[in-house]
Amino acid sequence: MVKISNWQAVLIYFAVQGASQALTLPPVASSLAQEGSWLSVPVATCASLPILGVVLILARRFPEEDLLQYGERVLGHFLGKVLGLAYVFYFLEIAALEVRRFNIFLTTDLLPQTPPVVILVLLVSLSASAARNGVEVIGRLAELFVPFGFLFMFMIFAVHLSHFRAENLRPWLGAGWGPVLANSLTTLPWLGQVFLLGIIYPVIRDQERSGRHFLLASISWGAFLSLFCMITISTFGAPLTARLTFPGYSLAERVRVGGFLEGMDVLLFVIWVTGVFLEISLFHLLAAQTLARLLHLRDYQRLVLPVGVLMVVLAQIMAENVAQLQAFLRPAVFVPFTLTFQLLFPLGLLLAAWLRGLKGADRRG
Amino acid sequence: MAEGEPRESGRPLKKSSCASGGLPPPSARGARRLPPGNTSRTSESRGLFLRRFPGMLLLLIGLLSGVYLTGCWDRVEVESLAIVLAVGVDLEPQGDGFLFTVQVARPSLLGKAGGGAMGGGGGNGGGLGQTRASWNATLPGRTLFEAERRFRRQMSRRLFLGTTKVVVIGEEAARQGVGELFDYFLRDREPRFTLLVAVARGTARGILSTEPALEKTVGQEIDLLSRYISDDSTSLFPDMADFVGRLWTPGEEAVAPALTAYEDETGSRRLRVEGLAVFRKGRLVGWFTPQESRGLLWVLGKVEGGAIDLACSQGRVALEVTGQSVRVQPGFIADRPVVEVHLRDDTNLAEEQCPGPVFTPETLKAIEMQAEDKIRDEIMTTLTKAQEMRADVFGFGRAFRGRYPGKWREMEGQWEEIFSRLEVKVTADVTIRRSGLLTETVEPR
Amino acid sequence: MLDRLKRALHRIYRPTQHRESPGQGGQPSNGPKTPLTGDLAQDKEWLKATLGASFDFQCRELEIGQKPSWRAALLYFDGLVDKELIDLGFLRSLLQEIPLAARPVGDRQGLLPQIKVRFLNVADVREAESYEELVDDVLAGNAALLADGCKKALILGVPGWEHRQVSEPADESVIRGPRDGFVETLRVNTALIRRRIKDPALRLEGYKIGRRTKTEVVVTYLQGIADDKIVEEVRRRLLRIDIDGILESGYLEELIEDAPYSPFAQMGNTERPDRLSACLLEGKVGILVDGSPIALKIPITFTETFQASDDYYERFWLATFLRWIRFINFLVALLLPSFYIALTTYHQELIPSPLLISIAAAREGIPFPAVLEAFLMETTLEVMREAGLRLPKPIGNAISIVGALVLGQVAVATGLVSATMVVVVGYTAIATFISPRYSFMIPIRLLRFPMMILAGTLGLFGVMVGFLAVHIHLMSLRSFGVPYMMPLAPMNWNDLKDILIRAPWWALRTRPVLNRVQELRRQRAGAGPKPEAQ
């Protein structure tokens, strides 16, 4: 059985988060909380901790089994399979969403005339080849690239810190906590992806220490994202930030040091492509693996290609334009959608397992 | 030999290794044996190769030729770009849309040393001949995008705004309002956030068609001007992000450098920065002279250099500002908004023409106090002017908003009114840190 | 304590099937054997028939002893044996001393053993009982002594063919460090290793591979340090080989590597005995092949690309600095042309405008798009490199001067290619040579071309796609079970001390984990340099 280390799992998590947020920065994308919108990140982080708790407790109960295995044991064959199918759908949907957003960005900013399908196919074939090689390879890729991603990000931050405009951040709570809390709902679905750590828990080598690592990971991602948002707001001011389609990218674009150090957006682009690739690979892998389990196939590799095709198709039909995509991403739709999978299902499973007194085999035993 | 044969033939060719002790078949017999074995091996390995190869090939084809079949739509060679160095926006004389001016580089004249010299020579002539390193083109359009696309009709290259340094806005256009102009520059993928914003006294077109004095093109000249204007601190070059940010931030008005054309002694039209253009709600409402501009820059904390000219006993003293920190403190006195501005400035003694000893703590103290007064005066002058224009370029409103968000909501509606009567207290603290390489001045006996 | 001792003893004295002398095979021979008949005439005939009427096959008839005297024959290949040694070493004793011997030499069957112990002043003497052994040994450069009526033959190890002297390796030259390199003779090479590591745990297991070439192959490692599993895997893979001939270690490399389709080398190679010894001490396994001065190292990881022998002989500051130069230039070699293409044809806004304008100026009038230009230049460069490589040195130099200087200059002057492209391609070519391991940069040279195509069609995104694809491949590679990108991903802090930096020797207290060594510690803690208290 291939195993990854906690560190790799955490880096995969960072890649997932970075890919989904680095460019669009959902916390500052709405003018709801204005200057204080970065505050919604810590709030959302706190709100995401229970999700982590639930999935971890659940995963610890069944440390050797994946979701579908214990799902079937806890809920019975039929319901378990339905649950599995639902999760396959979720993974596909999120992956397709990410691919789509990636596509939108590329066709908006870098390759406006290239047919989107080319980009989609290329990206998905990359993720397919990573998914074929298994979680171990994804973990290693994350281990190699994600630290560089952070290094580059901190470089960009450092450049902006030199003309940090604190007055752009005031007032922190111009309209009180209300808007901040409301705004945190735009961020929560993304930070709630922390539940993926529970999903990949069975392939982790040193499970004893996972809990602490994952907690630290989600907190430090929250801190990083807050910093990112703070710097973005301080650079552009809240009103402009809220109007930008890709605030994160704009932040990198604005770097200009000494008349020669420009084009930091290359760095962000490179980080981001890598992040999206890692994220999609993970979802690709999870979808293919869960599907293989559903169909009682021994190796999931055969399903990688069909899943990839599904992802491309889904991404194509997902949204006609950015406005539609944003309509899907608005809290009223997206929060219930994601929370169902991130919190509701795991919580239900946990309760059912607890009531039925079901437990997985202890690894040490 | 007779014994060896049956065993030898019994040896399965594939599995048993011939390594080490494995018996090699004696000469001729073995040689005869080998060909079938060999062929079977190659055909088998070919089978393996063929079995695995398609997958890899497919991946390769998927990666490469998939890309190839589709072509390369976005590819533009550098030499087929019309690299725009600066753009200007004026109002169309009939009031119908804009006049969009682009200054396009001629790389062959700009890029190489020899070409540069030629460009300079041509520049002196003042003509628009082929020898000039850049070429200005102006076209009208209802929207900037429309105008930009119209250039395709007369330009053999693709207009490229990705490395444009500066956008100059004509006076009239600025008076009409700049907010809508920037939609294009922000929305389009090419112009960058580091695009500098400047306002022309007169038309932007006129500014862009001046002769560059030291650089090869006006675009580059403005770009470099922006870098060293801080030594004088009489103007400010915000980039697009800054400028638009200020336009949109409540309680703060935008400023942009004012560019003027003048005629130098050779009769060429040249360009210079002269103070600031002041906006209110995105519309140009007036100008600050360089002196007034510095009054603003003091409060914004943007004075990084520049001379403070002071009188001493019988001559003049010049201090050079080297560092600055500002604290803007909004507050209320009896429900009346008041702003306190505290400045701390580090200066050098840059020039001193006073007879008699100056370099003593007491005299320096006196000079410092004089400088403080001067700074205060400059700020107050600017404040009065800004209050007349009702343009809160200092961002006092935003200071209130940051500090007293609740009260700000009440004031926001009539902030312009409140600002025009706002009481501002300025305290300055000037310290002379160094005196250059001389202590006392040169005095002939 | 006792336990450990016992285990260590066991490790050393374990009844082992690995014999240390090459030429005997590392495994019990399982092929059929035909015993000698004992009839000299018949045996001789058999051998002559087997070996054919070879021009260089010699059969020296002898008669040993007086009353009784025995007919005997000495068989060897001329040119493979040391004639002088035959003359002085035993022909003299056989023909002159036996008759004078005080004690009779015994009967027919005991003759050869007696001769072996009493009269042959040759060190390497063995007995053979079958034709097959005999043939193998004679072909390997030994002489065989047959005696009439004796069912055994004596194999006399007197190899003495002409071979190259130990000289400085051509590929991995160093500024500071030993000047000897491996040669084509296996025995010399094994001696070079033995001379460096005088440890009983140094194992040299012999194998014969190649049905026809019967090439001697030696697997060498330090027992108790190298991972037994890896050694076992090496053995397994070697024994699986079924090929008629091994003429160079490159054959072996392709026959036993993990991912046969990968462009990346999964085994290190070196011409330097010091380098191989260092690897053995780190717990790697080496493979020496007779006839090849290139030894293989197993397992290998990608970071090997950045390690040079000099690194360990020069001061560590320089070594660390050079490591980073190599890292950066590795990326440059892979990415620079494609980056240049991507930036100039897709993302011009990322180029500072003065540079953009000068590139545009340089490109004005160039007939080809940047991709094609780069392709052209890169191909030309490879052609020049290849042409220069095969030619005798003086002509090779001329080619590179004509090619690089004249062609480049004129190409720019006539407007065929732009000057910036020449700079880019030229620098890339130099960067390709930055790695101390020639074979490790080969995939980079190859991958550059698809990368350029990707850059030319999709810009930076294409470059990223290529870069990630390469990395997916690298991450899934393994060299004998060890992840190919090992100290980087999966990351291992212990090993990074010799990757990202070259820690000073006193700080390299442990062996690399990636070799899965059995004994990690290589220095006592606190054994570093300490100036004496004054």
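Asp311(C) is buried, with a relative accessible area of 1% (buried means under 20% relative accessible area, exposed over 50% and partly exposed in between, using a 1.4 Å probe and protein chains only). The model is a predicted one, in which local features need pLDDT of at least 70 and side-chain atom pairs count only at pLDDT 80 or more, while totals for chains, interfaces and linings use all residues. Residues are numbered from 1 along each chain as its sequence is written, chains are lettered from A and ligands numbered from 1 in the order in which they are written, and side-chain values use heavy atoms, leaving out hydrogens and water.

The partner of Asp311(C) is Arg326(C), and the two side chains meet in a salt bridge at 3.0 Å, N to O (a side-chain nitrogen of Lys or Arg within 4 Å of a carboxyl oxygen of Asp or Glu). Arg326(C) lies in helix 10 of chain C and Asp311(C) in the loop between strand 10 (295-298) and that helix, so the pair ties together parts that are 15 residues apart in sequence. Helices (H or I, at least four residues) and strands (E, at least two) are DSSP runs, numbered from the N terminus. Arg326(C) is buried as well, at 8% relative accessibility. Leaving out residues up to four places away in sequence, Arg326(C) touches Phe306(C), Gln307(C), Ala308(C), Asp311(C), Ile434(C) and Pro436(C), where contact means heavy atoms within 4.5 Å.

Lys281(B) and Glu416(B) form a salt bridge at 3.1 Å, N to O. This pair links distant parts of the chain, with Lys281(B) in the loop between strand 8 (269-280) and strand 9 (283-288) and Glu416(B) in helix 15 (residues 415-420), 135 residues apart. Lys281(B) is exposed at 62% relative accessible area, whereas Glu416(B) is partly exposed at 21%. In the other pair, the closest N and O atoms of Arg390(B) and Glu417(B) are 2.9 Å apart. Over all chains, the count comes to 73 salt bridges.

Beyond its neighbours within four places in sequence, Phe461(C) is in contact with residues of chain A including Phe102(A), Leu106(A), Phe269(A) and Val273(A).

Where chains A and B meet, 37 residues of chain A are in contact with 32 residues of chain B. The two chains bury about 2800 Å² between them, 52% of it on carbon and sulfur atoms (buried area is the accessible area, with a 1.4 Å probe, that two parts lose on being put together, summed over both). In chain A, Glu253(A), Arg254(A) and Arg256(A) lose the most area to chain B, together 21% of what that side buries. Six salt bridges are counted between these chains; one of them joins Asp239(B) to Arg254(A), with the closest N and O atoms 2.9 Å apart.
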